[in-house]
Amino acid sequence: MVKIPNEIFKQIEKYMPFPSVDIVILKDQKIILTKRTIPPYCGYWNLPGSVILKNEKMVDAVKRSSKEELGIEVVNPTFIGNYETFTKFRHYITHLFATKHKSGKIKLDFQSSRVILVDPNRIPSHTVPIQKLMIKDALKNKLVDM
């Protein structure tokens with residue numbers, strides 16, 4: 001897989017959509033949310049996720065993102081669906097996965113200031129709007145085994 005240099009990334013985001021993954025991670029029957037410290041949605045609760053890198057399978061992006069953003073290993077990522085989001089920063093085509101915490105203690109990277117474990121039926125109001133829908137879809141489709 002190939003990581004793109006930040007200066008090139010900033011140029012590309014002006015012209016192209018980004019394929020990404022967002023992840024509903026269950027730990028102790030709750031969903032992991034982090035408070036973002038960077039745009040877009042700075043200050044909102046959000047699901048972990050990442051842009052998919054060149055030559056990286058979506059499932060591998062889920063595992064990498066979980067490790068990079070949270071310091072944890074996940075197990076059996078299950079595809080939920082596709083979502084499209086437009087922000088003033090970029091255009092995302094997101095592939096949603098649900099998975100479970102396998103091992104590791106949560107340790108946040110630079111993108112987040114806090115982490116919470118929430119009841120999936122009690123998502124905070126200040127959560128990224130499209131991700132509220134993603135969580136509901138994961139529960140509705142029974143792909144998230146509570």
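Predicted model: local features only at pLDDT ≥ 70, side-chain atom pairs only at ≥ 80, totals over all residues.
## Helix α2

Helix α2 covers residues 58-70 and contains 13 residues.

Several residues of α2 are buried, among them Ala-61, Val-62, Arg-64 and Leu-70. The elements that cover the buried residues of this helix include the strands β1 (18-27), β2 (30-36), β4 (49-51), β5 (73-86) and β6 (91-103).

## Asp-137 in helix α3

Asp-137 belongs to helix α3, residues 129-140. Its relative accessible area is 13%; because buried means under 20%, Asp-137 counts as buried. The side chain of Asp-137 makes a polar contact with the side chain of Tyr-83, at 2.7 Å. Leaving aside residues up to four places away in sequence, Asp-137 touches Ile-80 and Tyr-83.

## Aromatic rings

The whole structure holds three aromatic pairs. One of them joins Tyr-41 and Tyr-44 in an edge-to-face arrangement, with 5.4 Å centre to centre and 80° between the planes. Tyr-41 is partly exposed, at 28% relative accessibility, and Tyr-44 is also partly exposed, at 25%.

Phe-79 and Phe-97 form another edge-to-face pair, with 5.6 Å between centres and 70° between the planes. Phe-79 lies in strand β5 and Phe-97 in strand β6, so this pair ties together parts that are 18 residues apart in sequence. Phe-79 is partly exposed at 38%, whereas Phe-97 is buried at 3%.

A further ring, that of Phe-18, has Arg-90 over its face, at 5.9 Å from the ring centre.

How values were computed:
Residues numbered from 1 in each chain as written. Heavy atoms only, no water. Helix = DSSP H or I, 4+ residues; strand = E, 2+ residues; numbered from the N terminus. Buried < 20%, exposed > 50% of the residue type's maximum accessible area, 1.4 Å probe, protein only. Polar contact = N/O pair within 3.5 Å; in protein donor to acceptor, adjacent residues only side chain to side chain. Contact = heavy atoms within 4.5 Å. Expected span 1.5 Å × (residues − 1). Phe/Tyr/Trp six-rings, centres within 6.5 Å; stacked < 30°, edge-to-face > 60°. Lys NZ or Arg CZ within 6 Å of the ring centre and 35° of its normal.
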